[in-house]
Amino acid sequence: MKKLFTVCGLFLISLFAFAAAETEITTSEKSESKVLHEFKDFSHWSIQVNGGFSQFDGDVNQRIDQLLSSSQLLWTVGVDVEYSFNPAWGLIANFQYMPYHGHTSSTKYGKYYFKGNMYAPSLMLSVNLLNLFGQYRSSAAWNWYLNAGVGMVFYDVTNTAEDDNSAAEATPTDVNNGKNISIPLGTQVEYNINNYLAVGLSGYYRIHNKDNFEGQDYTKGTMNDGEFYVTASLRVKLAPNAKEGGHMRNLSMMDYHKLRTGESNLESRLDSLEKRVKVLEDTVANNILPRLDELEKQHATTPDEDGDGVPDFRDRQANTPKGSFVNYWGEGIPQEALDSPCCDDVKQVFAALRVDPNVDYNMSVYFGFDQSALSAQARKNIAKAAQKLKDNPEMKVELRGYCDFPGSNDYNLKLSEKRVNMVKAELVKAGIAEDRIVVEAQGALANPPKAEMKNRRCDFFFY
């Protein structure tokens with residue numbers, strides 16, 4: 001019996017050591033995301049009621065071929081109040097009522113029946129084995145607990161001798177207000193119905209340090225009376241929705257660690273961002289891009305005989321020279337209007353359009369939609385600019401690159417930079433020194449907002 005108590009003691013010490021190690025690990029976790037406080041942001045308390053069957057395991061008459069005790073199988077009820085430190089560890093305050101009946105005999109007392117009642121409060125440590133060893137399981141619907149602790153048993157026994165008990169030397173004494181120390185050991189399987197309720201099935205064995213639960217004196221100093229009981233239970237989890245992290249008994253260890261480290265909050269934000277990106281992708285793919293393609297097709301197929309950027313159906317002056325400055329109706333704007341001091345409003349419009357009278361737009365390099373590659377015509381225009389610089393050794397050139405309106409500002413700025421650098425590389429290849437070339441990426445031409453080739457260009461500004 002002493003060995004059994006030693007093993008139980010070592011088991012309890014091991015459980016507490018594991019609990020301390022787990023607490024040390026979880027409290028050392030850090031994160032830059034939102035972290036939930038281990039105690040304040042979780043619900044911990046729960047109440048459980050149980051009922052089932054119990055059987056006394058002591059000095060009772062039984063046949064040699066019997067496996068279990070021959071004492072009567074009786075009912076038992078109990079209640080637990082538990083505080084769950086985390087999803088793996090908890091502390092249980094238990095009270096169990098267990099009546100017991102049996103029949104025994106001895107040389108000293110003869111044959112007699114005994115009836116007793118046990119009232120057993122105890123304190124137990126509970127470990128959820130599925131959470132302790134299943135750190136990465138995603139669901140905590142099913143749980144398997146191992147419970148062990150120490151407590152007291154208060155008991156009373158009454159005895160009734162049989163009729164043929166005349167040879168007995170003495171009559172066993174009734175016991176009132178008996179007390180002893182007990183060690184409950186048990187296991188429980190539990191299923192979480194929802195956030196508030198759980199049902200379970202458990203089996204326990206209580207070890208006692210006395211041997212007179214039948215009302216007899218001790219026999220050779222042995223202490224081997226015990227009690228089996230099997231119960232079904234209903235648990236009520238208190239305030240599971242009152243705290244941000246929920247109730248400890250509803251969490252798997254993986255969910256618990258995610259909440260403690262902020263990973264769960266980060267995953268929620270990523271999920272929300274992923275949904276928003278998906279909506280944006282669908283909008284771009286199903287709405288914006290088809291409309292842009294349609295605009296490009298319309299622009300590519302709309303007749304413009306004089307190449308002034310105004311389609312023929314709107315062009316009131318269909319024979320303007322190529323590269324001429326025209327208004328919305330395709331009407332040429334006289335140079336005098338550009339130079340006239342009385343036309344400040346017109347000059348402001350041209351300034352907004354980034355049109356410079358000093359630039360020869362016939363020599364400008366034009367690009368395809370979202371392209372920086374040089375066409376054959378572009379290389380011819382660059383060759384003209386290179387020849388002009390060779391003919392005037394003191395002359396320098398500024399390359400100004402533009403994009404049309406689709407795309408972000410950053411993207412268009414980088415694209416216009418690629419375009420001017422392509423033109424610069426071609427000039428250098430033609431023999432123009434780099435110190436005579438200045439590049440200026442202008443980005444998108446926001447006014448007018450049209451996806452037209454004349455807005456996708458690089459201008460030569462000579463000085």
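Residues are numbered from 1 along each chain as its sequence is written, and side-chain values use heavy atoms, with hydrogens and water left out. Because the model is predicted, local features need pLDDT of at least 70 and side-chain atom pairs count only at pLDDT 80 or more, whereas totals for chains, interfaces and linings use all residues.

Secondary structure was taken from DSSP runs, with helices (H or I, at least four residues) and strands (E, at least two) numbered from the N terminus. Strands were taken as paired if DSSP finds at least two bridges between them. Strand β1 (residues 45–57) pairs with β2 (residues 73–84) in the antiparallel sense over 11 bridges, and I47 stands opposite V81 in β2. β1 also pairs with β8 (residues 226–237), in the antiparallel sense and over 12 bridges; here Q48 stands opposite R235 in β8.

Burial was assigned from relative accessible area (buried under 20%, exposed over 50%, partly exposed in between; 1.4 Å probe, protein chains only). A nonpolar core is a set of buried Ala, Val, Leu, Ile, Met, Phe, Trp, Tyr and Cys residues joined through side-chain atoms within 4.5 Å. The largest such core has 20 residues, of which V365, V397, L399, V423, L427, F460 and F462 touch the most other members. At least two residues of this core come from each of α7 (376–391), β10 (397–403), α8 (409–429) and β12 (457–462), and α7 gives the largest share, five residues. A second, separate core comprises 18 residues, including M98, Y109, Y112 and Y229.

The 21 residues of α8 should span 30 Å at 1.5 Å a residue, and the end C-alpha atoms are 30 Å apart, in agreement; the expected span is 1.5 Å times one less than the number of residues. Buried positions in α8 are N412, L415, S416, R419, V420, V423, E426 and L427. Seen down the axis of α8, these residues fall within an arc of 130 degrees and so line one face of the helix, the arc being that of the directions from the helix axis to the C-beta atoms. Their cover includes β9 (365–366), α7, β10, β11 (437–444) and β12, with contact meaning heavy atoms within 4.5 Å. The face of α8 turned away from the buried side carries the exposed residues D410, K414, K418 and K429. G431, which follows α8, has a positive phi near 105 degrees.

With a disulfide defined as a pair of cysteine sulfur atoms within 2.5 Å, the count is zero. C403 is buried at a relative accessible area of 0%, and C458 is likewise buried at 0%.
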